[in-house]
Amino acid sequence: MNHHLPAGSLAEDGWSLRLTPKQAGWTYSGLYNLDLAAGASHTFSTGEEELVVLPLSGQDVRVECEGAAYDLTGRADVFSGVSDFVYVPRDAEVTVSSRTGARVALPSARCERRLPVRYGPADQVPVELRGAGQCSREVHNFAAAGVFEADRLIAVEVLTPGGNWSSYPPHKHDEDRPGQECPLEEIYYFEVADGPTGPGVAYQRVYGTPERPIDVLAEVRTGDVVTIPHGWHGPSMAVPGYDLYYLNVMAGPSPDRAWLICDDPAHGWIRDTWTDQPVDPRLPMTNR
């Protein structure tokens, strides 16, 4: 199976990106993107999946669900700020629209519990500066476990300044080891800042174990997706001159909705070096 899915390859039925759990070859995690022209709308049923409606760009997004309407402030683009969002449950009908046009991501997870529709304000999204030195990055924990309630879905955004390595040291979460690691299917959706002469590029690495091999070294551009069913993943490499954004979508069988990872023992030592290094002064990248 091809785990690197270039921009446009998943466009279907009005979605600019439609990646269902079945298409990904697993059980829980999904991602849908909408490119809404000014005045356009898109109505859909959530079925067995819970979703978050998250503006990527556009500052006039309306979400209608369960007889209520939520107007999202959004943001100019993923590098300019933290966005507000709306959580929508399984077995619901949803309409997403925009008066002025917007690009919207909808990370999803197949789930059992039906939770209420909820609005997530941007100013309540925890912003974390993770790592140090050339491993510094900014994390928006908008739907992280322990931050925002969902049944299965875990989703965060990561911003990495050009020249830094993110999602590093390489780590995995594909075994059920209580208190140490839990199985999570993961999607990386990428956007790369433009340079003075055009679009930027970045790189994503995924590799497996002898028992469960996987081998991905992908040049990624805006709109690309990498799926990670198992194995060590990282680094996500922001090449010099081009800032990198990625949206992580995760879900798995654990009823605890935990996010437990295990570093590759060959490279986990790198964390110990961060104590003597400052965080990259370019962070935070957003207005938070």
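Strand S14, residues 154–160, is largely enclosed by the rest of the structure, because seven of its seven residues are buried. The model described here is a predicted one. Burial extends to both faces of S14: on one side lie Ile154, Val156, Val158 and Thr160, on the other Ala155, Glu157 and Leu159, and all of these are buried.

**The sheet around S14**

Which strands pair with S14? Strand S13, residues 137–143, is joined to S14 in the antiparallel sense by four bridges. Within this pairing, His140 has Glu157 of S14 as its bridge partner. Strand S22, residues 244–251, also runs antiparallel to S14, and seven bridges join the two. Here Leu159 has Tyr245 of S22 as its bridge partner.

**A buried asparagine**

Another strand, S3, spans residues 29–36 and contains Asn33. Is Asn33 buried or exposed? With a relative accessible area of 4%, Asn33 counts as buried, because the limit for burial is under 20%. Apart from neighbours within four places in sequence, the contacts of Asn33 are Trp15, Ser16, Leu17, Leu56, Val104, Ala105, Leu106 and Tyr189.

**Cysteines**

How many disulfides does the model hold? The count is zero. Cys135 takes part in no disulfide, and the nearest cysteine sulfur to its own, that of Cys262, is 18 Å away. For Cys262, the closest cysteine sulfur is in Cys182, at 11 Å; a disulfide requires the two sulfur atoms to be within 2.5 Å, so this distance is too far for a bond. Both Cys135, with a relative accessible area of 10%, and Cys262, at 19% relative accessibility, count as buried.

**Aromatic rings and charges**

A pair of aromatic rings is described by the distance of the centres and the angle of the planes. The structure holds nine aromatic pairs. In the pair of Trp165 and Tyr168, the ring centres are 5.4 Å apart and the planes stand at 90°; the pair is edge-to-face because this angle is over 60 degrees.

One aromatic cluster is made up of Phe85, Tyr87, Phe142 and Phe148. Tyr87 of this cluster also has a charged residue, Arg118, over the face of its ring. In a further arrangement of this kind, Lys172 lies over the face of Trp232. The table gives the distances.

| Charged residue | Aromatic residue | Distance from the ring centre |
|---|---|---|
| Arg118 | Tyr87 | 4.5 Å |
| Lys172 | Trp232 | 5.4 Å |

Key: Residues are numbered from 1 along each chain as its sequence is written. This is a predicted model: local features need pLDDT of at least 70, side-chain atom pairs count only at pLDDT 80 or more; totals for chains, interfaces and linings use all residues. Side-chain values use heavy atoms; hydrogens and water are left out. Buried means under 20% relative accessible area, exposed over 50%, partly exposed in between (1.4 Å probe, protein chains only). Two strands pair if DSSP finds at least two bridges between them. Contact means heavy atoms within 4.5 Å. Rings of Phe, Tyr and Trp (its six-membered ring) pair if their centres lie within 6.5 Å; planes under 30 degrees apart count as stacked, over 60 as edge-to-face and the rest as tilted. A charge sits over a ring if NZ of Lys or CZ of Arg is within 6 Å of the ring centre and within 35 degrees of the ring normal.
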